[in-house]
Amino acid sequence: DFADMLAAQRLMLTELGVTKLKVIMGLSMGGMMTFQWATTHPEMAERFIAMAAYPIEVGGQNRMQRKLTIDAIKADPLWKGGSYTAPPLQGLRTAASIQMLMFGSPLNLQTNHPTRAKADAFIEESMAMSLASGRDANDAIYQTDASRNYNPWDRLGVIDAPLLWINFADDLLNPVSLDVADKAVAQMPDARFVLVPGNEKTRGHGTLFQPEYWIDEVKRFVGE
C-alpha cells in the first residue's frame with residue numbers, strides 16, 4: 001500500500017545519504033503520496049506540492065470506481081486468479097472503460113465529440129491505445145488497490161512546512177462537492193489551496209497533463 005511505497009522511497013533516500021529534500025511533489029496518486037509523506041515524515045522536505053488529490057480516506061465514488069476496476073479484471077475467466085498465461089483483455093477493457101469516464105471532463109468530451117459517431121470513434125481509438133499499451137493485469141490491481149489504507153486526515157496538523165495543494169474543478173475523482181479543501185487547509189499551519197476552474201479545454205483529472213493551467217502556481221510557490 002502507500003505506506004509500503006513511502007517506506008521503500010525513504011529507504012532509497014537514506015541509503016543515498018539524503019536527509020532533506022527541497023520539494024516533494026506528486027500528481028494524482030503521487031498527490032496522495034505527497035500527503036502521506038507530509039503527515040508521516042514532515043521533516044523530510046522544505047516544501048510539499050500535492051495535486052489532484054484529497055487528504056481523506058478513499059471511500060465513496062472514488063473507492064467504488066477502484067473496486068469496479070479491480071473486480072472487472074478478476075471477473076475475466078482468463079485472469080485465473082492472477083496466474084494467467086494470456087492477458088485478460090476483456091477485464092482490462094472494462095477496467096479501462098471505467099477509468100476513461102472517471103478521468104475525463106464531461107464538458108471537454110461533449111465539446112470535442114458532440115455526435116454519436118465522434119464519441120464512438122473516440123472510444124474505439126482510446127480503447128485500442130489502452131489495450132496496446134501492454135498494461136499488466138496484476139500490476140493494475142496492485143496499483144488501483146494501493147490506496148486502500150490511505151487516510152492522512154487526522155495528521156494534517158503535523159505538516160508545518162509550506163504546502164501547495166492544487167485541484168481541478170471538473171475532476172470527477174476529486175469532486176469539489178465533497179467540500180473538503182477548506183476544512184483540510186484549516187488544519188495545516190502553512191497551506192494554500194488552489195482550485196483550477198474547468199472549461200471546454202480542461203480535461204478533468206487529465207488536466208494533470210495540461211501544465212499551462214497550473215505551472216505558474218508551482219513556479220511561484222517554489223520561487224518564494
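Ile 56 lies in the loop between S2 and H3, where helices (H or I, at least four residues) and strands (E, at least two) are DSSP runs numbered from the N terminus. The structure is a predicted model, in which local features need pLDDT of at least 70, side-chain atom pairs count only at pLDDT 80 or more, and totals for chains, interfaces and linings use all residues. Residues are numbered from 1 along each chain as its sequence is written, and side-chain values use heavy atoms, with hydrogens and water left out.

With a relative accessible area of 23%, Ile 56 is partly exposed; buried means under 20% relative accessible area, exposed over 50%, and partly exposed in between (1.4 Å probe, protein chains only). Not counting residues up to four places away in sequence, Ile 56 touches Tyr 150, Asn 151, Pro 152, Trp 153, Leu 178 and Val 180, contact being heavy atoms within 4.5 Å. Between Ile 56 and Trp 165 there are 109 residues in sequence and 14 Å in space, C-alpha to C-alpha.

Helix H2 covers residues 29-40, and its 12 residues should span 16 Å at 1.5 Å a residue; the end C-alpha atoms are 16 Å apart, which agrees. The expected span is 1.5 Å times one less than the number of residues. H2 is largely enclosed by the rest of the structure, because 9 of its 12 residues are buried. Among them are Gly 31, Phe 35, Trp 37 and Ala 38. The buried residues of H2 pack against helix H1 (2-15), strand S1 (21-27), strand S2 (45-51), helix H3 (60-75) and strand S3 (163-168).

Helix H4 (residues 89-103) packs against helix H6 (residues 116-132) at an angle of about 125°, with the axes 10 Å apart. Axes are lines fitted to C-alpha atoms, for helices over the stretch in contact, and angles run from 0 to 180 degrees between N-to-C directions. H4 and H6 are therefore oblique to each other; angles under 35 degrees count as roughly parallel, over 145 as roughly antiparallel, 65 to 115 as roughly perpendicular and the rest as oblique. The contact is made by Leu 89, Leu 92, Arg 93, Ala 96, Ser 97 and Met 100 of H4 and by Ile 123, Glu 124, Ser 126, Met 127, Ser 130 and Leu 131 of H6.

Asn 108 is found in helix H5 (residues 106-112). Its relative accessibility is 8%, so Asn 108 counts as buried. Apart from neighbours within four places in sequence, Asn 108 contacts Glu 200, Lys 201, Thr 202 and Arg 203.
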